[in-house]
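This briefing reviews selected local features of the structure shown below. The points are grouped by topic for use in computational work.

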Amino acid sequence: MVDTVSFLPVSNFDGSNPSEPLQSRRIPMKVQLLIFFGLLAVGLFAALLTSNNGSDFVTESEHGSLVSLNTAKPELLQPVSRGPAAGVSEKSNRLFAKDGENMVAFPWNNSMLSWQRTAFHFQPERNWMNGPLFYKGWYHFFYQYNPHAAVWGDIVWGHAVSKDLIHWLHLPLAMVADRTYDKNGVWTGSATILPDGKIVMLYTGSDADAVQVQNLAYPTDHSDPLLINWVKFSGNPVLVPPPGILSKDFRDPTTAWWTSEGKWRLTIGSKINKTGIAFVYETKDFITYEKLDGVLHAVDGTGMWECVDFFPVSKTKENGLDTSINNPDVKHVLKVSLDDDKNDYYAIGTYHEKNAAFIPDDPENDVGIGLRYDYGVYYAAKTFYDQNKNRRVLWGWIKESDSEAADVQKGWASVQSIPRTILLDQKTGTHLLQWPVEEIESLRLNSYDFNQVTVQAGSVVPLDVGPATQLDIIAEFKIDKEALDKATGSDLTFSCSSSGGAVKRGALGPFGLLALAEDSLSEQTPVYFYIAKGSDGNLKTFFCNDQTRSSEASDVNKQIFGSVVPVLEGENLSLRVLVDHSIIESFAQGGRTVITSRVYPTKAIYGAAKLFLFNNATEAGVNASLRIWQMSSAFIRPYPNIDNQPQ
């Protein structure tokens, strides 16, 4: 048996809120010892990585950033499609190149590429990655991984464990593509914990004929807390595409839930023509299944549904629920990842067990046409119920927004988001709330408080927090009420993505933060609010992230992300931002609207990365209060001496 003594630092977390007034001085972080268990539910995409063995000479530039003197020569980029031919969504970034055109690669150097690697987000040591479970004191993360290259392909299951969802230890590969039913890849799956505590794992395999089939696996030794060895059921596959469903349109089984009739149910994503659907299957033993009549839900025009997730949320309590809970005090959430546009959508509604159907509360915000988990580069998300902390935790895949050539050069691609708790927003009843797990606060170092900072219309205010590469930011904004009342209403429709970004000035916005900004502001990533006033005098608040000036490189996506965020009467505008090198995760109004961005600056890196407040409104002044922490790095490394353990 493997020794399970923790090789990770113990997390420190103080869940208390600071009561003393904000002021401009450093404050030491309070800490409290905390050890916890956890449970995940397997599934999705994450990040392949490959070591970069470059040995360039590095010096410091005039901007204070590190620059390698050995710079790659520009080359023409020829984007390659990866994924659709195998029957899954596009995994390569092709958005920055116009159809039929090639682009010149930016001459990235090793110091720029090295800076992009994150400090406290999970990613493998090398190549391309992307499912979850808690067992006997360890959080387990099983992820889709390419052991051979920093591009999608040759997918197997990587495996890592953690005591706190922050510090991770890499274990040997959990499953490889070594059977006819998964010869072309071990894809997304989910774990179900049985009443006796044992685990069953269902996963999609692409078989020798590229048909998507569902397979069963389970641990060789259920007493092993590290779950190192896995056995594939000899009778696989246990499910094949039903009649009328194409061979590449049947994938990603969910965690199963227990019914009042003593059976297990699970759902699998598919489509019929352009209608996205989720089938429901029933089983007693996870070997023999019955497909129920009808579907859990279907939405016309949404295309293929992949990485379906289905779970209950409490209407009355601020805690997570086991997947099998169903009573009058809960709502259910149906989430799908749309193959057509590569975004994660959700709907809140009611699950009827008798006919195995989900009915959304608001058909206009149905799955695939309404609310999203995240309005940035966030996909294939999966929740699991953590019974140790009585919470539901969400993880998602953060894809790259640069060129595949740059990924190959740096030797890795893709990252996992910071795990988030997920709850029903009981104030609105229409949204979910997402928030970084409390354990991330154990990485907080020095804090900087800024109290009641006035930001006049048309101004930028620097925030002296040192290097702005690893930060946890909590901010609150109050807009001038007189200007709010005087602003003239307009029928013009505002949109984050199409209204000009942070440079487009309005009476009541934009205002917020400039993250990963260089002193001259030639590179900057605004995270901001914009308030639109209609001709009827009603206010609508938008939360946006503008990447158009995030990098001087030409071969990266520079989109403007965002959406409406509900702001209730009496609420100030609030946001939390996690900056971790090339990732910015932003949460508005307690997590009602969330945006994740990948940014690739060429100047605003290392010591040259700064943080600013800005207000580009034409009329309204803004008052801002902030608490900002520098963040330490997580420990993510191989499990010690694992190769010497009996297999």
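Phe286 is placed in the loop between strand S21 (275-283) and strand S22 (289-291); helices (H or I, at least four residues) and strands (E, at least two) are DSSP runs, numbered from the N terminus. This is a predicted model, in which local features need pLDDT of at least 70 and side-chain atom pairs count only at pLDDT 80 or more, while totals for chains, interfaces and linings use all residues. Residues are numbered from 1 along each chain as its sequence is written, and side-chain values use heavy atoms, with hydrogens and water left out.

**Backbone features**

- The phi angle of Phe286 is positive, near 65°, in a residue other than glycine.
- Phe286 counts as buried because its relative accessibility is 3%; buried means under 20% relative accessible area, exposed over 50%, and partly exposed in between (1.4 Å probe, protein chains only).
- Ala210, although not a glycine, also has a positive phi, of about 65°.
- The loop between strand S15 (199-206) and strand S16 (212-219) holds Ala210.
- Asn236 and Pro237 are joined by a cis peptide bond with omega about 0°.
- Pro237 belongs to the loop between strand S17 (230-232) and strand S18 (250-251).
- A cis peptide bond also runs from Gly509 to Pro510, with omega near 10°.
- Pro510 is located in the loop between H3 and S37.

**Nonpolar cores**

- The largest nonpolar core has 71 residues, of which Phe477, Leu611 and Leu626 touch the most other members. A nonpolar core is a set of buried Ala, Val, Leu, Ile, Met, Phe, Trp, Tyr and Cys residues joined through side-chain atoms within 4.5 Å.
- Strand S36 (residues 470-479) supplies the largest share of this core, five residues.
- Domain 1 (127-436) and domain 2 (444-631) each contribute at least three residues to this core; the domain bounds come from an automatic or database domain assignment.
- Another core, of 23 residues, lies apart from it and includes Phe120, Val156, Phe384 and Trp395.
- In soluble globular proteins, nonpolar side chains tend to be buried together.

**Surroundings of Phe477 and Leu575**

- Neighbours within four places in sequence aside, Phe477 is in contact (heavy atoms within 4.5 Å) with residues including Phe511, Phe529, Leu573, Leu575, Leu613 and Val622.
- Leu575 is part of strand S41 (residues 573-580).
- Leu575 is buried, because its relative accessible area is 2%.
- Not counting residues up to four places away in sequence, Leu575 touches Ile473, Ile474, Ala475, Phe477, Leu513, Phe529, Phe543, Phe587 and Ala588.
- The C-alpha atoms of Leu575 and Ala588 are 4.4 Å apart, while the two residues are 13 residues apart along the chain.

**Aromatic rings and charges**

- The structure contains 32 aromatic pairs; rings of Phe, Tyr and Trp (its six-membered ring) pair if their centres lie within 6.5 Å, and planes under 30 degrees apart count as stacked, over 60 as edge-to-face and the rest as tilted.
- Phe122, Phe141, Tyr143, Tyr145, Trp168 and Trp395 are linked by ring pairs into a cluster.
- Lys163 is positioned over the face of Trp138, 4.4 Å from the ring centre; a charge sits over a ring if NZ of Lys or CZ of Arg is within 6 Å of the ring centre and within 35 degrees of the ring normal.
- For Lys410, the charged end sits over the ring of Trp412, at 4.2 Å from its centre.

**Cysteines**

- There is one disulfide in the structure, a disulfide being a pair of cysteine sulfur atoms within 2.5 Å.
- Cys496 and Cys544 form the disulfide, with their sulfur atoms 2.1 Å apart.
- This pair connects distant parts of the chain, 48 residues apart: Cys496 lies in the loop between helix H3 (481-486) and strand S37 (511-517), and Cys544 in strand S39 (residues 539-546).
- The link of Cys496 and Cys544 is left-handed, with -65° about the S-S bond.
- Both Cys496 and Cys544 are buried.
- Cys307 counts as buried because its relative accessibility is 2%.

**The loop at Asp329**

- Asp329 is found in the loop between strand S24 (305-314) and strand S25 (330-338).
- Asp329 is partly exposed, because its relative accessible area is 44%.
- Among residues beyond four places in sequence, Asp329 is in contact with Val313, Ser314, Lys315 and Thr316.
- A C-alpha separation of 9.1 Å lies between Asp329 and Lys317, which are 12 residues apart along the chain.
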